[in-house]
Amino acid sequence: MPPIIQVEHLVKKFKDITAVNDVSFEVEEGEIFGFLGPNGAGKTTTINILCTLLKPTSGRAILNGFNVTTQQNQVRQSIGLVFQDPSLDDYISALENLQFHAFIYHVPPKLRQNRIEESLKMVELWERRNSIVKTYSGGMKRRLELARGLLHQPKVLFLDEPTLGLDPQTRNRLWEYILRLRQERKMTIFMTTHYMDEAENADRIAIIDHGHIVALDTPVTLKQQTGGDIIELKTANDELALAELKQRYQIEARHDGGGLSFEIANGDQFIPTLVTALSIKILSISLRRPTLDDVFLKLTGRQLRDQEAGAREILKDQMRPMRR
Amino acid sequence: MAELRGIYIIWYRELLRLYRNKTRIFGAIAFPLLFLLVFGGGLSRTIGSLQPGVNYAKFMFPGVIGQAVLMTAFMSGVSIVWDREFGFLKEVLVAPVSRSAVVLGKILGGASIAMFQGLLVLAFYPVVGLNLNAIQIFKLLPLMLLVACALGSLGILIASRMKSMESFQIVMQTTIFPMIFLSGAFFPVGNLPSWLNALVKINPVTYAIAPIRQLLLSRVEIASASSGSTITLSLYGHPMSIGEEAAIVFGFGIVMTGLSIWAFSLPE
């Protein structure tokens, strides 16, 4: 079976910025494919090209056998979308929003009522179907958008930061629905996120930074790349400890927050050795399994979700009306 | 067929939104009615008859209807800006429907609402002492639809490149208000200083207001049968017929519709 999405050497330039820089990847039918990267890495731009909202500067993308630049209507019919910003008509009811969608996506009249009922029940909004959307909470709106995206039974469901701004409980609920979908309908799901725990749900993850894909693999394989467990250490004198680790164990530790951190295989067995052997007094020591954040740090030298995210978030909010 | 479905559903949503927000109806007729009461009532006595049987209130009444239709149609462009600002436009843009169907649906939706507003204002005709028959009203409907579509497409053209409500508001105030004031909606254009005459004659809205007036005052006109009418619009000394004026508005509308489809199809 050919891949459901094929992207070849995709480039998108905006005036002086290259948002997507020679990106190539394939997504198999039925898989959950994740785009992980900080804000501004090019995730949304890629999605916008795949869903025909933007034309690539160069390169090619094929979705469900259709070219995204030359066969827009066929591509649009093949995909469902949940955007990171709300895209509902707030002034009509949930039911009317779905009726609009079912009609415009050519859902046959006989099936419309059933499909609408089914999707609204799945996201537990059937009881509230006649309420004007304006009265919905943020989480309810996102669930409604998910229900809407499924109405025409798309081959690929795009989720662009689907849980941005939602509380943890709602996030979990939304993920329950998404995972159920994949199980029941074998739907291909393409998602972007900058939450690493969310990215763990994906079968394969592309880590994207400054418009490039820097790694593409399963979450497990990606995490294995980090070289094992991560030990975080606080000592009476971090400088001396750093030197001693290097000299005695050939370990390259980093300054990390208020202490040191380094990666090592079988870290649980290494801790007792370290505690007895290190000549500098240890104040605290902890071990954790590697996360995708560590993978990102290792690949790019930066943390995924700190400093710059804050500044960009503010910028993004200001840019919001312009991006639509 | 798919195009027609697209146009239909976009049109339907415009009407549904009006139905859900009925206060808009009153908002849109309050302004024309205010004009009619204040200026019509206030100036009729002072100005006296413009020609036998036509006082100022009767004269401006068709202008007020025209203004209500044009403003509403033009304002329908706001719905694109609104949809963009609140995100719904994205849902439309990724749907399997062409950009031209979206534009035509929006224009027709706005025009339908504008016609409805025009009819609401028309219902006040006894207040100014006009006599209308069914044929006149029946003829007025397609005329209102035409001018509403033409000016609505201008609104859509402007809105298709606008990113915020504020900027649309500003463009509207600097476009549609001068156009309405320079159209002869509120004063006879037969005897103007030449610079003003030139502005009035190149203004497309002039050709939208004139046929409405000619139609609604046609029976008065026959009764008075005067030459040098304040009702009929003349271009280069040639008195224009309703058909000729409608043709100009139609041509303007076609060009604007084409341009708005083009502008709306440009990448965001």
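This is a predicted model: local features need pLDDT of at least 70, side-chain atom pairs count only at pLDDT 80 or more; totals for chains, interfaces and linings use all residues.
Which residues does Leu70(B) touch, not counting residues up to four places away in sequence?

**View 1. Leu70(B) and its neighbours in the largest nonpolar core.** Leaving aside residues up to four places away in sequence, Leu70(B) touches Val147(B), Leu151(B), Ile180(B), Val205(B) and Ala208(B). The largest nonpolar core has 146 residues, and Leu70(B) is among those with the most contacts inside it, together with Phe158(A), Val69(B), Val147(B), Ala148(B), Leu151(B) and Ala208(B). Helix α3 (residues 56-75) of chain B supplies the largest share of this core, 14 residues. A second, separate core has 10 residues, including Leu242(A), Leu245(A), Leu260(A) and Ile264(A).

**View 2. The contact between chains A and B.** Here 24 residues from chain B meet 26 residues from chain A. On the side of chain B that touches chain A, the elements giving two or more residues are α1 (2-20), α4 (78-86) and α5 (88-93) of chain B. Of these, α1(B) gives the most, with six residues.

View 3. Chain A is divided into domain 1 (5-217) and domain 2 (227-289). The C-alpha centres of these two domains of chain A lie 42 Å apart.

**View 4. Helix α5 of chain A and its surroundings.** Helix α5 (residues 138-150) of chain A reaches 19 Å from its first C-alpha to its last, close to the 18 Å expected at 1.5 Å a residue. Because 10 of its 13 residues are buried, α5(A) is largely enclosed by the rest of the structure. The buried residues include Lys141(A), Arg142(A), Arg143(A), Glu145(A) and Arg148(A), as well as Leu144(A), Leu146(A) and Leu150(A). Look around the helix for the packing partners of the buried residues of α5(A): β6 (79-82), α3 (94-104), α4 (109-122), β7 (156-160) and α6 (168-185) of chain A.

**View 5. Strand β9 of chain A between two partners.** Five of the six residues of strand β9 (residues 204-209) of chain A are buried, so β9(A) is largely enclosed by the rest of the structure. Strand β3 (residues 32-36) of chain A runs parallel to β9(A) and is joined to it by four bridges, with Phe33(A) opposite Arg204(A). Strand β10 (residues 212-217) of chain A runs antiparallel to β9(A), through five bridges, and here Ile208(A) stands opposite Ile213(A). β9(A) and β10(A) form a hairpin with two residues between them, and His210(A) in the turn has a positive phi of about 45 degrees.

How values were computed: Residues are numbered from 1 along each chain as its sequence is written. Chains are lettered from A and ligands numbered from 1 in the order in which they are written. A nonpolar core is a set of buried Ala, Val, Leu, Ile, Met, Phe, Trp, Tyr and Cys residues joined through C-beta atoms within 7 Å. A residue is buried if 20 or more other C-beta atoms lie within 10 Å of its own, exposed if 12 or fewer, and partly exposed in between; C-beta atoms are placed from the backbone. Two residues are in contact if their C-beta atoms, placed from the backbone, lie within 7 Å. Domain bounds come from an automatic or database domain assignment. The expected span of a helix is 1.5 Å times one less than its number of residues. Two strands pair if DSSP finds at least two bridges between them.
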